[in-house]
Amino acid sequence: MPKLNENYLNLKESYLFAEINHRVKAYSEAHPEKKIIRLGIGDVTLPIGSKMIEQMHEGVDAMASSETFKGYGPEQGYDFLRNAIVDYYARNNVSIEADEVFVSDGAKSDTGNITDLFAQDNVIMIPDPVYPVYVDTNIMNGRNITYIDANAENNFLPMPDHSKHADIIYICSPNNPTGAAYNYEQLKEWVDYALENDAILLYDSAYECFITDESLPRSIFAIEGAKKCAIEFCSLSKTAGFTGTRCGYTIVPKALKFVSSKGIEMSLNAMWNRRQTTKFNGVSYIVQKGAAAAFSVEGMAQCHENIKYYQENAKIIADGLAKKGIRYFGGVNSPYIWFECLNSMDSWDFFDYLLNNAQVVGTPGAGFGKNGQKYFRLTSFGNRENTIEAMHRIDQLF
């Protein structure tokens, strides 16, 4: 009989969004006449911009001719896309190199797969509340996790405790689920902490495209010293609406080098390259054609039109909560609005209450950690009509 990875026994029974879908499906089957508005999962609703679609069609057409046909591509991504990402960062005053960019099928995959590079006995520091993938992938690997509290008192932006040591630290800014975003000074403190502790920051910047405040950094590499202690993950899911086409990228600086227990210098850039060439076959040429177009000036302008639409949805939600006197976080520089459950309800009770009485689906904060127990998340990714209707229903309910 095979010995199984018994760390899976330590996971919650189901992934957060699987449980949400289960409850919504049960309600829908019992009440088929009710219109359910989903503002829970962070899936976009607007179509991909025409510039990206045009280039994807060009990629499809290339497959129809032996002269332009593409088979296996480089696991790290085609040069045309890696260079387009480098140019995008340069426009945001951040310098990276093409061979530090690794194209993938999304930030979710990479934030989970990056754990392959690290030994089991590392101390992992994760904020609470947090995107569940960070926690679950480390539980699957049997790692020791220490949590730091994100709460209303620190505006859901926890800072390092220099009396405590960690080897690997997860940071997401703008944050999922809370919508909070670190400024330069706060991120510099995290970089300094990582350098002091000889630690690695795993920095998820999947929502950087929603930053409108020019005083906020879009990349960890805007911070001095970050290339010696940070890996950055990003995604086109929200930037360009690629949730269905799947494309993201991870930046692993060549300066990230550590000495092994045997005294051998090891490069995380080289290790990640080795991992990807072994376990990953690359993103399709067709998708990468569209992704490269997203980083062009014309493509990014189209992306920003969609992002502006979602930002207006976020304002509708935030204004609706403010009208009711409900304290909330996010909604600016972020597609997420994080607010206190009414009447001191627990978040799963509040989820069921909204579903049963207003037919509005959000995400219970308890799914993101103990500090989310009394909080709830709504997303701005619905269409305008549904967003307005959802807030009208909430207004009438309370």
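**Close-up 1. Asn343, an exposed residue with positive phi.** In this predicted model, Asn343 has a relative accessible area of 64% and so counts as exposed. Exposed means over 50% relative accessible area, buried under 20%, and partly exposed in between (1.4 Å probe, protein chains only). Phi of Asn343 is about 55°, although the residue is not a glycine. Asn343 sits in the loop between β12 (336-340) and α11 (347-358). Helices (H or I, at least four residues) and strands (E, at least two) are DSSP runs, numbered from the N terminus.

**Close-up 2. Arg246, a partly exposed residue with positive phi.** Most residues other than glycine have a negative phi. Arg246 lies in the loop between α7 (236-239) and β8 (248-251). Its relative accessible area is 30%.

**Close-up 3. The cis peptide bond from Asp128 to Pro129.** Omega is near 10°. Pro129 belongs to the loop between β3 (123-128) and α5 (132-140). Most peptide bonds are trans.

**Close-up 4. The cis peptide bond from Asn176 to Pro177.** Here omega is near 25°. The loop between β5 (168-172) and α6 (184-196) holds Pro177.

**Notes for the views.** Residues are numbered from 1 along each chain as its sequence is written, and side-chain values use heavy atoms, with hydrogens and water left out. Because the model is predicted, local features need pLDDT of at least 70 and side-chain atom pairs count only at pLDDT 80 or more, while totals for chains, interfaces and linings use all residues.
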